[in-house]
Each structure stands twice: as structure tokens, then as C-alpha cells.
Amino acid sequence: MGITKAEKIWYRALTTYMTSRTDYHGARTATLNAATDLYGVSSAERAAVDKAWAAVNVLP
């Protein structure tokens, strides 16, 4: 996806969805929501975020 898009997703997740109590599962949800906001629910970017979390065994 590239560092620029990843930065945008992470920044949106941090500033819109995460709080000081966000855990790994919450971070997964936040980054998926941010990717959806920025690129759409069926986007390659959202799929990449989902795949990244699955790779580190943070699943829904």
C-alpha cells in the first residue's frame, strides 16, 4: 500500500477512533475504520490493513 497511505490510515485512526484505553483489538478496529473512511470498504488498502492484523494474530 505504501508508507504514505499507511501513515494517513494510522493518523486517522489515532485522531478519530483511538483513546488512551485502546487495546490491540481496538487498534485493529480503529485502523480498519480509518481505512474504510479514507479508501472505502472494498478497497485494497482496507484489505491490506485486515491482512496485516491477521498476520500478527489480532483477529476479530
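**The core and the helices around it**

Let me begin with the largest nonpolar core, which has 11 residues, namely I9, A13, M18, A27, A30, L32, A34, A35, V49, W53 and V58; a nonpolar core here is a set of buried Ala, Val, Leu, Ile, Met, Phe, Trp, Tyr and Cys residues joined through side-chain atoms within 4.5 Å. This is a predicted model, in which local features need pLDDT of at least 70 and side-chain atom pairs count only at pLDDT 80 or more, while totals for chains, interfaces and linings use all residues. Residues are numbered from 1 along each chain as its sequence is written, and side-chain values use heavy atoms, with hydrogens and water left out.

Helices α1, α2 and α3 each supply at least two residues of this core, and α2 gives the most, with five residues. By helices I mean DSSP runs of H or I with at least four residues, numbered from the N terminus. M18, one of the core residues, touches W10, A13, A27, A30 and T31, leaving aside residues up to four places away in sequence, where contact means heavy atoms within 4.5 Å.

How do the axes of α1 and α2 cross, and at roughly what angle? They come within 8 Å and cross at roughly 115°, the axes being lines fitted to C-alpha atoms over the stretch in contact, with angles that run from 0 to 180 degrees between N-to-C directions. Among the residues of α1 that meet α2 is K8, which touches L38 and Y39, again not counting residues up to four places away in sequence. K8 is partly exposed, with a relative accessible area of 48%; buried means under 20% relative accessible area, exposed over 50%, and partly exposed in between, with a 1.4 Å probe and protein chains only.

Turning to α3, this helix covers residues 44-55, has 12 residues and reaches 16 Å from its first C-alpha to its last, close to the 16 Å expected at 1.5 Å a residue, where the expected span is 1.5 Å times one less than the number of residues. Which residues of α3 are buried? They are E45, V49 and W53, and, seen down the axis of α3, the buried residues fall within an arc of 75°, so they line one face of the helix; the arc is that of the directions from the helix axis to the C-beta atoms. On the other side of α3, A44, K51 and A55 are exposed, whereas what covers its buried residues includes α1 and α2. Finally, α3 is followed by N57, whose phi is positive, near 65°.
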